[in-house]
Amino acid sequence: MLKLNRVHHIAIICADYQKSKHFYSEILGLNIVREVYREERQSYKLDLEVGNLYQIELFSFPEPPARPSRPEAVGLRHLAFEVDALDEAVSHLTNFGVETEPIRIDEFTGKRFTFFTDPDGLPLELYEK
């Protein structure tokens with residue numbers, strides 16, 4: 001049987017590299033591990049650390065096609081980040097002009113969560129610990 005240990009990284013392609021770099025590092029507070037420019041691909045690759053556990057790879061490419069998030073389609077639905085205090089996290093995002101959906105309760109776990117989007121409309125979730 002195949003033994004998977006954990007998610008190693010999640011790759012995201014963005015339309016505006018500087019805007020997305022700011023969003024993920026300055027607004028969401030992810031730690032920048034490494035940033036490289038790959039001349040042959042005309043692409044930046046930014047490695048971001050989430051809570052010392054996982055990495056997000058943020059890529060830029062010249063004129064990437066849009067990937068629709070709405071209506072929901074087959075494929076990756078969203079990324080969810082665990083937070084200790086959902087109200088504080090929502091307030092933080094609001095202070096940066098990031099709109100969040102109303103807070104809801106997971107009917108199976110009883111935990112609170114909300115959704116928001118990154119600069120390209122990728123759905124992101126905050127899920128309270």
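In which helix does Tyr 24 lie? Tyr 24 lies in helix α1, which covers residues 17–27; helices here (H or I, at least four residues) and strands (E, at least two) are DSSP runs numbered from the N terminus. The views below come from a predicted model, in which local features need pLDDT of at least 70 and side-chain atom pairs count only at pLDDT 80 or more, while totals for chains, interfaces and linings use all residues. Residues are numbered from 1 along each chain as its sequence is written, and side-chain values use heavy atoms, with hydrogens and water left out.

View 1. Leaving aside neighbours within four places in sequence, Tyr 24 is in contact with Ile 12, Gly 29, Leu 30, Leu 48, Leu 58, Asp 118, Leu 122 and Leu 124; contact means heavy atoms within 4.5 Å.

**View 2. The sheet with the strand order β1-β4-β3-β2.** These four strands form an open sheet with mixed pairing, two strands being paired if DSSP finds at least two bridges between them. Because β1 and β2 stand at the edges with a single partner strand each, one side of each is left without a neighbour in the sheet. Neighbouring strands of this sheet are turned by 20° against each other on average, direction ignored; axes are lines fitted to C-alpha atoms, for helices over the stretch in contact, and angles run from 0 to 180 degrees between N-to-C directions. Helix α1 packs on the sheet, where it touches β1, β2, β3 and β4 (54–60), and its direction makes about 165° with that of β4.

**View 3. The hairpin of β2 and β3.** Strand β2 (residues 31–38) pairs with strand β3 (residues 43–50) in the antiparallel sense over seven bridges. Tyr 37 stands opposite Tyr 44 in β3, and Arg 38 has Ser 43 as its bridge partner in that strand. Four residues lie between the strands of the hairpin, in which Gln 42 takes a positive phi near 50°.

**View 4. The sheet with the strand order β5-β8-β7-β6.** Here, too, four strands form an open sheet, and the pairing is mixed. The edges are taken by β5 (79–83) and β6 (104–105), each with a single partner strand, so one side of each is left without a neighbour in the sheet. β5 and β8 pair in the parallel sense over five bridges, with Ala 80 opposite Glu 125 in β8, whereas β6 and β7 (residues 112–117) pair in the antiparallel sense over two bridges, with Ile 105 opposite Arg 112 in β7. Helix α2 (residues 86–95) lies across β5, β7 and β8 (123–128), and runs at about 15° to β7.

**View 5. Side chains along β5.** In a regular strand the side chains alternate between the two faces of the sheet.

Key:
Buried < 20%, exposed > 50% of the residue type's maximum accessible area, 1.4 Å probe, protein only.
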